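Please keep the sequence and the model side by side while reading.

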Amino acid sequence: MRKTPMIAALLLMGAPALAQQDSAPPAASTGESEKVNLVIVYGDDACPQSQGNEIVVCARKGEDERYRIPEPLRGDPNKPSNQAWGERVRSMEYVGRSGTESCSPSGSGGATGCFAQLARLAKAERQAADNASWKDLVAAERAKRLSTIDADSEAIEARVKAEEAAAAKADEAAAQQDDTSPPQQ
């Protein structure tokens with residue numbers, strides 16, 4: 001059985017393959033194995049030519065698909081159908097619950113669970129919103145400071161050199177003044 005028709009069918013169904021290599025079983029007449037090269041080409045790009053014992057299968061997509069995210073990865077990650085089964089069960093755990101620790105207006109002690117529910121919701125909200133850790137914040141601040149360190153050090157060095165040059169001129173002027181002044185007795 002040859003893989004070529006099956007590979008072509010998978011490619012036409014939208015199997016993601018960019019220049020993937022797959023080797024088929026050896027041909028019946030010869031002992032050599034043939035290679036199948038699956039390529040997706042966009043727009044008017046040319047399909048590569050097969051060489052030797054290689055089969056090239058090209059799927060053509062529109063030019064507007066060239067730099068897009070592959071279709072299986074598109075979509076809303078927050079969609080309820082993408083939520084893990086365990087999370088759905090955990091959220092349904094409290095449905096229809098009443099009585100002690102339930103935060104419901106019915107039953108004795110229903111109000112005792114309100115703080116626990118508020119704390120649970122606050123923790124979930126904080127975990128969802130707090131994606132940056134202290135380590136990330138420190139690294140960002142360090143990068144910001146290091147980005148200006150070269151310019152700052154060059155400015156300081158230029159200022160120090162100007163001050164040294166001014167001091168050298170002042171010393172030279174003072175030495176010339178001492179040489180030209182008459183000796184005092």
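In this predicted model, the side chains of Asp45 and Arg66 meet in a salt bridge, with a nitrogen-to-oxygen distance of 2.6 Å. This pair links distant parts of the chain, since Asp45 lies in the loop between β2 (35–42) and β3 (54–61), while Arg66 lies in the loop between β3 and α2 (85–92), 21 residues apart. Side chains of opposite charge can pair when their charged atoms come close.

**The network around Arg66**

- Arg66 also meets the side chain of Glu63 in a salt bridge, and here the distance from N to O is 2.8 Å.
- Salt bridges that share partners join Asp45, Glu63 and Arg66 into one network.
- Asp45 has a relative accessibility of 32% and therefore counts as partly exposed, because that class covers the values between the buried limit of under 20% and the exposed limit of over 50%.
- Arg66, at 24% relative accessibility, counts as partly exposed, and Glu63, at 44%, likewise counts as partly exposed.

**A salt bridge within a helix**

- Arg145 forms a salt bridge with Glu141, and the closest N and O atoms of this pair are 3.5 Å apart.
- Both residues belong to helix α4 (residues 134–180), and because they are four residues apart in this helix, Arg145 and Glu141 are separated by about one helical turn.
- Arg145 is exposed, with a relative accessible area of 59%, whereas Glu141 is partly exposed, with a relative accessible area of 33%.

**The chain as a whole**

- The structure holds six salt bridges, among them the pairs Asp45 with Arg66, Glu63 with Arg66 and Arg145 with Glu141.
- The secondary structure of the chain is made up of four helices and three strands, and, read from the N terminus on, these elements follow the order α-β-β-β-α-α-α.
- The chain has 185 residues, and 12% of them count as buried, a label that requires a relative accessible area of under 20%.

How values were computed. Residues numbered from 1 in each chain as written. Predicted model: local features only at pLDDT ≥ 70, side-chain atom pairs only at ≥ 80, totals over all residues. Heavy atoms only, no water. Salt bridge = Lys/Arg side-chain N within 4 Å of Asp/Glu carboxyl O. Helix = DSSP H or I, 4+ residues; strand = E, 2+ residues; numbered from the N terminus. Buried < 20%, exposed > 50% of the residue type's maximum accessible area, 1.4 Å probe, protein only.
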